[in-house]
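Subject: Structure handover

Hello,

Please find the structure below, followed by notes on what was found in it. The notes go from a few single residues to the chain as a whole and back to local detail.

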Amino acid sequence: MPEFHPGNWVETAVDWLQTHLGWLFDVINTVLTGLYDGINMVLGGAEPLLLAGIFAVVAFWLRGLLAGVVGFAGFLLIDSFGLWDDAMSTLSLVLAAAVITVVFAVPTGIWAARSKSVSAAVRPVLDVMQTMPAFVYLIPGVMFFSVGTTPGLLATIIFSMPPGVRMTELGIRQVDSELVEAADAFGTSPKQTLTRVQFPLALPTIMAGINQVIMLALSMVVIAGMAGAPGLGERVYAAVTQVQIGLGVESGIAVVILAMYLDRMTGALNVRVSPLGRRAAAKATAMMGRMRFVRYKPGTVVALSGVLVLALAAGGLNLASSGSDAQAASGTDVGKGKQLKMGYIPWDEGIATSYLWKEALEQRGYEPSLKQLDAGPLYTSLAQGQTDFQTDAWLPTTHQQYWDKYGSKMEKLGDWYGPTSLELSVPSYVKGVRSLADLKGQGKKFDGKIIGIESSAGEMKILKDKVLKEYGLEGEYKVVSSSTSSMLSELKRSIQQKEPVVVTLWSPHWAYNKYDLTKLKDPEGAFGKGEKLYNVGRKGFAEDNPVVAHWLKNFHLTEKQLTSLEDRIQSAPKGQEQQAVKEWLKARPGFLDKMVPVPGGQQKQGKGAGKTVDMGYFPWDEAIATTYLWQNILEDRGYKPKVKQLDPGPLYTALSQGQLDFQTDAWLPTTHEQYWRKYKDKLTDLGSWYGPTSLELSVPSYVKGVDSLADLKGRSELFGGKITGIESSAGEMKILKRVLKDYGLDKEYKVVSSSTSSMLSAVDKSVKQKKPIVATTWSPHWVYSKYPMNKLKDPKGSWGKGDRIHVTAKKGFKKEFPELHGWLKDFKMSEKDLGSLEAAIQKGGKGNEKESVRTWLDSRPGLEDKLAPVE
């Protein structure tokens, strides 16, 4: 029988829909999230006790005093668990899903009841919707809408729709046909027959269907926690994957309380809204005689008044407390309330570093949110831009499948630990098993099982596809997929009972500190080389959050630091991960300031604060960059810098006359030698901050076979016989004539004089069109940061030796500005830093140089303290 995989068609269809119907998914996402946010704003914004009182009044109105008291006690219990916000998020999801489901289910059920062809067409669709495993609905939801509220709501709507449709159809069909015929005989229209006869009589059955819709919705929103849906489902999922028994029990009880409340209230609502229900309730009350007070329920007006009073009280409390939350901004308030979305896989190092970063970001004024997801949904969320970053990417092996699929939509933010290792391990009391090869023939000892972790983990794929085959263990051992927490529980149980067990582990891991384990050697190297742990962000994260990106790129943990942090979290009460991180940081003063240094050194004032400093520059890229860099730094240190643009001649003249205090772009000993020779007695040289520079010709890297000036000979046709130059007055253009003569190129190539901007435009156009070009460039220059350009070697040394770039100042500068003199004398920049600064200014555009430098400087916390240290 040939293989048949309709799943491949489905994947193709999903890709097509994502490409062509993105606008539709945006509309659906807006509607669903808007409805949820609106409901959650009402439920989540109220004071818990008052909202519990409102729920109690509703229960009193629908079922009586006992139901009101029990309902109030149940919601108080949820609040005492610390799960109130999660419970309200879950309730909001259920209500949002139920509203949308009922809006579609009831009309569809009525249509099916009135048309046999519609009923026949709808029935198999409902069968599929009702019998398909609930988890399957999360897959397209995540693909179309990423993780979060929308896929959970969508899956919930689909899963809970069938009973609403079926029960509505059943209720309409069960109405006595003689009543329908009588209505027709009296001349009622089909619409009137439906609204005045069929619907009222079918209402009990329809309400039973709505009750089932709500119950199924509640069960599904818990499952939707796997896809990042907020609320109790997320708590239950975390408890299951991390074996947090206490959290699991408390979350489960909260779900049960919600389920019982919703079930009883929707059931009782049928009595209130249905004529048959009201008649039956009145009859039951009348039969109780003098005991009828037991069944007393307040009237609708009385109940509504109680709800309004409590709602107004809750609103008043919110208004009263809303003004007390504002805090004065401090020097560490870098984020200023900016929200960041973090995701993590429930692996120990992922949990540890995620909560560490959550705490660090909160202390720097950000508002990070943290969501637990499996690897697949997490990388999907990153690729779709719904999650900002995560800290536990194992590359290049374990998570390579996700990087291959989504790498173009993500960006690496630096590795913080490595190399790691993947391995199988056994307790040390298991004798004779020291290598993977030793497992062969000993399957019975381990009951033929290798205890694994999440099936989506890359290590599991390597184990099944490569390791077992390499050591001939296929057939003898079965890899049991579970979760990291389940694997650790099985390991703990086996060690307590001194039973043999083989588990899937990796290094670093706290299990090696807690238990006496043997890592099985891998002589064949089947598990591959060790990996590194990376921070990975969505595409554009570093551009949108340069400060945080810089922190992440410079983040590193030693194995000792990481395992001690993991141990602290493991020993803390469940649900107290961030508190454990706080205690860990408290024991390590200074760690946080090193991990997330404040940009600008917290605006420390210099000794010369208040002094006016006149700076000059000529419009060369490195001069613009360093001048505005020092303008920002000096302002942060309390100085009052003024900046003026001049040509080289007037600038050196102004310096020599004391009209300017300093400039940062003196090319010596060659380019500006004429000015230095003329004014050196009236100037101060504060030393070079960059060098040596170089003059060169360059070509795009896609031009093959041209690596040297000598390689240009005989290739003029490739470049149109042109070398694109800059201003004809530039010293480099004069030297270029000698260079061409030295390499025999003066007759073959024509140097086209233009301007620096024209040369750069020509490079930009040629690179975009993949055309050859020879351009006159120099180092340092941002062109090498932006374009793939190769500097042509000069084996004959025709360009001469490079200059160094100096800071030069007026005479007596040290005496007038001793602190600034020391900063400038020690000033240094690498080619990489200077190129990135120049590129940032180019990107920011004309007129925004100062702001562009500010952004660049803020993205490098600690640099300002290094350039301008203040005691």
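At a relative accessibility of 57%, Asp447 counts as exposed (exposed is over 50% relative accessible area, buried under 20%, partly exposed in between, with a 1.4 Å probe and protein chains only). Its phi is positive, near 60°, although Asp447 is a residue other than glycine. Asp447 is found in the loop between S5 and S6; helices (H or I, at least four residues) and strands (E, at least two) are DSSP runs, numbered from the N terminus.

Lys498 is also not a glycine, and its phi is positive at about 55°. Lys498 lies in the loop between helix H19 (484-496) and S8, and with 59% relative accessibility it counts as exposed.

**What kind of model this is**

This is a predicted model, in which local features need pLDDT of at least 70 and side-chain atom pairs count only at pLDDT 80 or more, while totals for chains, interfaces and linings use all residues. Residues are numbered from 1 along each chain as its sequence is written, and side-chain values use heavy atoms, with hydrogens and water left out.

The mean pLDDT of the chain (pLDDT is the predictor's confidence in each residue, from 0 to 100) is 86, and 88% of the residues reach 70 or more. Over residues 319-329 pLDDT stays under 50, and the model has zero contacts there beyond four places in sequence; a contact means heavy atoms within 4.5 Å. Where pLDDT is low, the predicted coordinates should not be read in detail.

**The chain as a whole**

The chain has 871 residues, of which 49% count as buried. It contains 36 helices and 20 strands. Among contacts with a separation of 6 or more, 80% are between residues 24 or more positions apart. The chain exposes about 41,300 Å², with carbon and sulfur atoms supplying 57% of that area; accessible areas come from the Shrake-Rupley method with a 1.4 Å probe, and for residues only the protein chains shown count as cover.

**Annotated transmembrane regions**

An unreviewed UniProt entry places the feature "transmembrane region" at residues 49-78, 90-114, 134-159, 201-224, 236-262 and 300-320. UniProt positions are given in the numbering used here, feature names are shortened, and annotations may be inferred rather than shown by experiment. Residues 90-114 are 100% helix and 0% strand, with end C-alpha atoms 36 Å apart. For residues 201-224 the figures are 96% helix and 0% strand, and the end C-alpha atoms are 36 Å apart.

Ala217 belongs to helix H10 (residues 190-223). What does Ala217 touch, not counting residues up to four places away in sequence? The residues are Val94, Thr156 and Ser160. Ala217 is buried, with a relative accessible area of 0%. Ala217 and Leu95 are 122 residues apart in sequence, and their C-alpha atoms are 8.5 Å apart in space.

**Helix H18 and its surroundings**

Helix H18 (residues 458-470) has 13 residues and reaches 17 Å from its first C-alpha to its last, close to the 18 Å expected at 1.5 Å a residue; the expected span is 1.5 Å times one less than the number of residues. At Lys464 the helix bends by about 40°, the bend being the angle between axes fitted to the seven residues ending there and the seven starting there.

Buried residues of H18 include Met460, Ile462, Leu463, Val467 and Leu468. After H18 comes Gly472, whose phi is positive, near 65°.

**Other local points**

- Thr563 is found in helix H23 (residues 559-571) and is buried, with a relative accessible area of 10%. Leaving aside neighbours within four places in sequence, Thr563 is in contact with Pro508 and Asn513.
- The peptide bond from Leu395 to Pro396 is cis, with omega near 15°. Pro396 sits in the loop between strand S3 (389-395) and H17.
- Ser779 and Pro780 are joined by a cis peptide bond with omega of about 10°. Pro780 is in the loop between strand S18 (775-779) and helix H31 (783-786).
- In helix H35 (residues 849-858), the buried residues include Arg854 and Trp856. Among the elements covering the buried residues of H35 are helices H26 (621-636), H34 (831-844) and H36 (863-867).

Regards
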